[in-house]
Amino acid sequence: MSIQVRSTLPFAGQRPGTSGLRKKVTVFQQPGYLENFVQSVFDTLGDCSGQTLVLGGDGRYHNRVAVQTILRMAAAHGYARVLVGQGGILSTPAVSCVIRKHGAMGGIVLSASHNPGGADGDFGIKYNIANGGPAPESVTEAIYQRTTTIGSYRISDADEIDLSQPASYQLEQMAVQVIDPVADYAELMQQLFDFDAMRALFAGGFRMCFDGMHAVSGPYALAILEGLLGAPAGTVINAVPLEDFGGHHPDPNPVNAAQLIAIMADDDAPDFGAASDGDGDRNMIVGRRFELTPSDSLAVLAANATLAPGYRQGLAGIARSMPTSRAADRVADALGITCYETPTGWKFFGNLLDAGKATLCGEESYGTGSSHIREKDGLWAVLFWLNLLAATGKPVQQLVDEHWARFGRNYYSRHDYEAIDAHAASELMASLRIKLPSLAGQDLGNYVVDYADDFAYTDPVDGSISTGQGVRIVMTDGSRIVFRLSGTGTEGATLRVYLERYEADPTYHHLLTQQALSALILIAEQVAGISGWTGRARPSVIT
Ligand code: G6P
Ligand code: ZN
C-alpha cells in the first residue's frame with residue numbers, strides 16, 4: 001500500500017452548478033475526470049489532517065466505482081477518518097445528518113438527484129461543509145478555479161474496501177468506518193416526531209403507500225415505516241435502489257409518480273401516500289384521491305408544527321423560495337413570525353437556518369425541510385405529515401380543507417416548457433424584462449397589476465445580493481405569475497411559469513386547479529409570448 005502522485009491535465013467545464021457537478025456518466029468515466037475534481041475539492045479545503053469526511057451516494061450507476069476512488073484519494077490527503085455508508089449508500093439528508101452528528105469537517109454526496117440514472121444517465125458529486133449544508137458559492141468557485149490548473153492528484157494504490165457490511169478498516173493512515181446508512185438518521189427522526197403515536201396509528205389499521213421510486217429512500221422508508229413504526233409489509237413500494245432507478249424518473253410529482261397517484265385514486269386507496277426522489281431530499285404528499293401542492297404542504301406543516309415534539313416550542317420563522325406560493329406567508333402572519341422569500345435553491349436557506357431566523361423551509365419543487373439538518377429532507381416531511389395525521393386523527397384532505405377555510409386557498413400550478421431552444425428562452429426573458437417598468441397599474445384581463453419586477457434578494461445575514469432571480473407579475477388581489485429559467489436542466493433550456501391565485505371564499509375552494517387558473521394562464525401567454533418564442537402550444541409538464 002502506498003500513496004502515488006499521478007500527473008493529469010485539466011478537464012474543461014468542471015464548474016459545479018446549483019447542486020454540485022452533474023454530467024453524463026460517460027463524462028465521469030473518463031480517466032482522471034472524477035480524480036481531478038476530488039483533488040480540487042481537497043486542495044480547496046487545505047489541511048484535513050485529523051478530520052472526518054462523510055461519504056455516500058444515492059446508489060446510481062457509477063456510485064460504487066466512485067466511492068472506492070474517493071476513499072483512496074481521501075487516504076492520500078491525510079483525513080483521520082471517513083464514515084462511508086454501507087454499500088456506498090447515503091441519502092442526501094442522511095449525509096447532512098451524519099456530518100452534524102459526528103462533527104465531520106464535511107461530506108461528499110454522489111448524486112444527480114432526480115436526473116435519470118444508468119450507464120447512459122447522469123452522475124454527480126457535491127461537497128457539503130461542516131454545518132451539513134452544500135458548500136457556498138465561494139467554495140464551489142474556488143474548487144472550479146482549481147480544476148482549471150490542476151496538474152496532479154494523489155491516490156493510494158490500496159485494494160478495494162468491502163462496503164457490504166458495517167465494519168472498520170485501515171487505509172494508509174486513515175480509518176474507514178462503514179456505517180449503517182439509516183441508523184443516525186432514524187435516531188434523529190425519533191427525536192423530532194412522536195413515534196408512539198405513529199405506531200398506534202398503524203396498529204389501528206391505518207394504511208399508507210410510500211413510493212421509493214427504486215431510489216435511495218427505499219431502505220430508509222423500509223427501516224423506519226415498516227420497521228420502527230410497524231406499518232404493514234408492502235407499505236413501501238419500489239423499495240430496492242437500482243442503478244438505473246428501474247428506468248423511471250425518480251422525481252416525485254404526479255406525472256412521474258403515476259403508479260402512486262393511481263394507487264391513491266383507487267376506491268380502496270390507502271389513507272396516505274408519499275414519494276421521494278433519487279437522493280431522498282424531495283417529497284410528495286398525497287391524500288386519498290387528493291393531491292397536495294408542495295406549497296400547501298409547507299403551509300399546513302407550519303400551521304400545525306407544534307403538534308410534533310421537535311417543534312413544540314414553535315417556529316422562529318418560515319422561509320420559502322420566491323416562486324413557491326404565498327400560502328406559508330399567511331400562516332406566518334397569523335403566527336406573528338417572518339416568512340422569508342429567497343431565490344430558488346436550497347442553499348439560500350442555509351444562513352437563515354444557521355442564524356436561527358427560520359425553522360421551516362420549503363420550495364415548490366417538492367422540497368421541504370427544517371433546521372434539523374441543512375438539506376431538504378423527503379422522509380422527514382413524510383414523517384411530519386404522519387405525525388400530524390396521528391395527532392389529529394384527521395385525513396389529509398380534511399386537514400387541508402380546514403387549513404384553506406382558515407387561511408384561504410392559494411391555487412397553484414407550474415407549467416414547464418422543457419428542452420426549448422436556449423437562445424429563444426433567454427430572448428423571451430429579456431423581452432419580458434423590458435416590459436416590466438410599464439406593467440404596474442395595467443389591466444390584464446380581470447386583473448390589475450400591482451407591481452412587476454425581476455426578483456433580487458439581499459441575504460439578511462451576510463448582506464450578499466442575488467439579482468435576476470425570476471420575473472414576477474403580482475396582481476392587486478395577490479395573484480401572481482412568475483417566469484424563470486431552470487438552473488438544473490441538462491438539455492437546452494427549461495422555461496418555468498408559476499401561476500398562483502388567491503381565493504379567500506371557501507365556496508370556491510374546490511375548483512379544478514387549471515380551471516381556477518385559466519385567466520392567469522392566458523395572461524401569461526399574452527404577456528410573455530410563450531408559444532411564439534418556444535414554438536410550443538402547451539407546456540410539456542404541468543404540476
Ligand atoms: C434543485 C435544488 C432546489 C431547487 C431546484 C430548482 O432541486 O436543490 O433547491 O428548488 O433544484 O430547480 P430549477 O430547475 O427550477 O432551477
Ligand atoms: Zn434530490
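1. In this predicted model, helix α4 meets helix α6 through P93, A94, C97, V98 and K101 on the α4 side, and through D184, Y185 and L188 on the α6 side. Of the residues in this contact of α4 with α6, 6 are nonpolar and 2 are charged, while no polar residue takes part.

2. The geometry of this pair may be stated briefly. The axes of α4 and α6 come within 9 Å and cross at roughly 85°. The helix α4 is therefore roughly perpendicular to α6, since angles of 65 to 115 degrees fall in that category.

3. Helix α6, which spans residues 183-192, also packs against helix α8, residues 217-228. For this pair the angle is about 50° and the axes are 10 Å apart. The two helices α6 and α8 are therefore oblique to each other. The crossing of α6 past α8 is right-handed.

4. The residues that form the α6 and α8 contact are Y185, A186 and M189 from α6, together with Y220, A223, I224 and L228 from α8. By class, the contact of α6 with α8 comprises 7 nonpolar residues, with no polar and no charged ones. Y185 of α6 is named in this contact and also in the contact with α4.

5. Turning to the domains, the chain is divided into domain 1 (3-181), domain 2 (185-407) and domain 3 (409-542). Between domain 1 and domain 2, the C-alpha centres lie 28 Å apart. Their contact draws 26 residues from domain 1 and 29 residues from domain 2.

6. On the side of domain 1 that touches domain 2, the largest share is supplied by helix α4 (residues 92-101), with 6 residues. The class composition of that side of domain 1 is 9 nonpolar, 14 polar and 3 charged residues. By comparison, the helix contact of α4 with α6 has 6 nonpolar, no polar and 2 charged residues.

7. A final point concerns the ligand. Ligand 1 is surrounded by 14 residues. The closest of these are W346, S365, S486, G487 and T488. By class, the shell around ligand 1 consists of 1 nonpolar, 11 polar and 2 charged residues.

Key. Residues are numbered from 1 along each chain as its sequence is written. Chains are lettered from A and ligands numbered from 1 in the order in which they are written. This is a predicted model: local features need pLDDT of at least 70, side-chain atom pairs count only at pLDDT 80 or more; totals for chains, interfaces and linings use all residues. Axes are lines fitted to C-alpha atoms, for helices over the stretch in contact, and angles run from 0 to 180 degrees between N-to-C directions. Helices (H or I, at least four residues) and strands (E, at least two) are DSSP runs, numbered from the N terminus. Angles under 35 degrees count as roughly parallel, over 145 as roughly antiparallel, 65 to 115 as roughly perpendicular and the rest as oblique. A crossing is left-handed if the near helix is turned anticlockwise from the far one by less than a right angle, and right-handed if clockwise. Two residues are in contact if their C-beta atoms, placed from the backbone, lie within 7 Å. Ala, Val, Leu, Ile, Met, Phe, Trp, Tyr, Cys and Pro count as nonpolar, Asp, Glu, Lys and Arg as charged, and the others, Gly among them, as polar. Domain bounds come from an automatic or database domain assignment. A residue is near a molecule or strand if its C-beta atom, placed from the backbone, lies within 6 Å of it.
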